Amino acid sequence: MPPPAASSRDLPHPASDEIRLEDVLHALSDPMRLRIVRELAGARDELSCSHFDLPVTKSTTTHHFRVLRESGVIRQVYRGTAKMNGLRRDDLDELFPGLLAALLGAAARQAVRLGG
């Protein structure tokens, strides 16, 4: 039996074993993307793209979410008309133990230090 046809609303994500450290570090090197990840890390559930109030254009925001998704940092799914975002914490913690916690801790300390 052929696999089910992919919906035009299915978004490509790397499988866990395809996530590469250099892609994750690149994705998290941008202040806007790091801000998105910090918000997702502090959320109890998925957050919609419209939840984020970033000081950039809509097309730039879309680009940031795409980089995070394609690097394996976040998972995006459509729920109705909303594109929902969740941190792939389990995958990242399994592949790179302690990395996400260390980066989030460093980002929080930097935010305090810089008043942001």
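The model is predicted, and local features are reported where pLDDT is at least 70, side-chain atom pairs count only at pLDDT 80 or more, and totals for chains, interfaces and linings use all residues. Residues are numbered from 1 along each chain as its sequence is written, and side-chain values use heavy atoms, with hydrogens and water left out.

The secondary structure of the chain consists of five helices and three strands. Helices (H or I, at least four residues) and strands (E, at least two) are DSSP runs, numbered from the N terminus. Read from the N terminus, the order of the elements is α-α-β-α-β-β-α-α. The radius of gyration is 15 Å, close to the 13 Å given by the globule rule for 116 residues, so the chain is as compact as a globular protein of that length. Here the radius of gyration is taken over C-alpha atoms, and the globule rule is 2.2 Å times the number of residues to the power 0.38. The C-alpha trace spans about 55 × 30 × 25 Å along its principal axes. Of the 116 residues, 33% count as buried; buried means under 20% relative accessible area, exposed over 50%, and partly exposed in between (1.4 Å probe, protein chains only). Contact means heavy atoms within 4.5 Å. Among contacts between residues at least 6 apart in sequence, 65% join residues at least 24 apart.

Two helix pairs were examined. Two packed helices are described by the angle between their axes and the distance between the axes. Axes are lines fitted to C-alpha atoms, for helices over the stretch in contact, and angles run from 0 to 180 degrees between N-to-C directions. Angles under 35 degrees count as roughly parallel, over 145 as roughly antiparallel, 65 to 115 as roughly perpendicular and the rest as oblique.

Helix α1 (residues 21–28) and helix α3 (residues 58–71) have axes that come within 9 Å and cross at roughly 160 degrees. The two helices are therefore roughly antiparallel to each other. The crossing of α1 past α3 is left-handed, meaning that the near helix is turned anticlockwise from the far one by less than a right angle (clockwise for right-handed). On the α1 side the contact involves D23, V24, H26, A27 and L28, and on the α3 side V67, L68 and S71. These residues divide into five nonpolar, two polar and one charged. Ala, Val, Leu, Ile, Met, Phe, Trp, Tyr, Cys and Pro count as nonpolar, Asp, Glu, Lys and Arg as charged, and the others, Gly among them, as polar.

For helix α2 (residues 31–42) and helix α5 (residues 99–114), the axes come within 11 Å and cross at roughly 110 degrees. Helix α2 is thus roughly perpendicular to α5. In this contact L34, V37, R38 and A41 of α2 meet L100, L104, A107, A108 and A111 of α5. The contact residues comprise eight nonpolar, no polar and one charged.

Individual residues were then considered. V24, in helix α1, counts as buried at 1% relative accessibility. Leaving aside residues up to four places away in sequence, V24 touches I19, S71, V73, L92, F96 and L99. F96 is placed in the loop between α4 (89–95) and α5, and is buried, with a relative accessible area of 15%. With the same exclusion of residues up to four places away, F96 touches I19, R20, L21 and V24. The C-alpha atoms of F96 and T62, 34 residues apart along the chain, are separated by 26 Å.

E70 lies in helix α3 and counts as partly exposed at 42% relative accessibility. E70 and A27 are 43 residues apart along the chain, and their C-alpha atoms are separated by 9.0 Å. T60, also in helix α3, counts as partly exposed at 29% relative accessibility. T60 and R35 are 25 residues apart in sequence and 14 Å apart in space, C-alpha to C-alpha.
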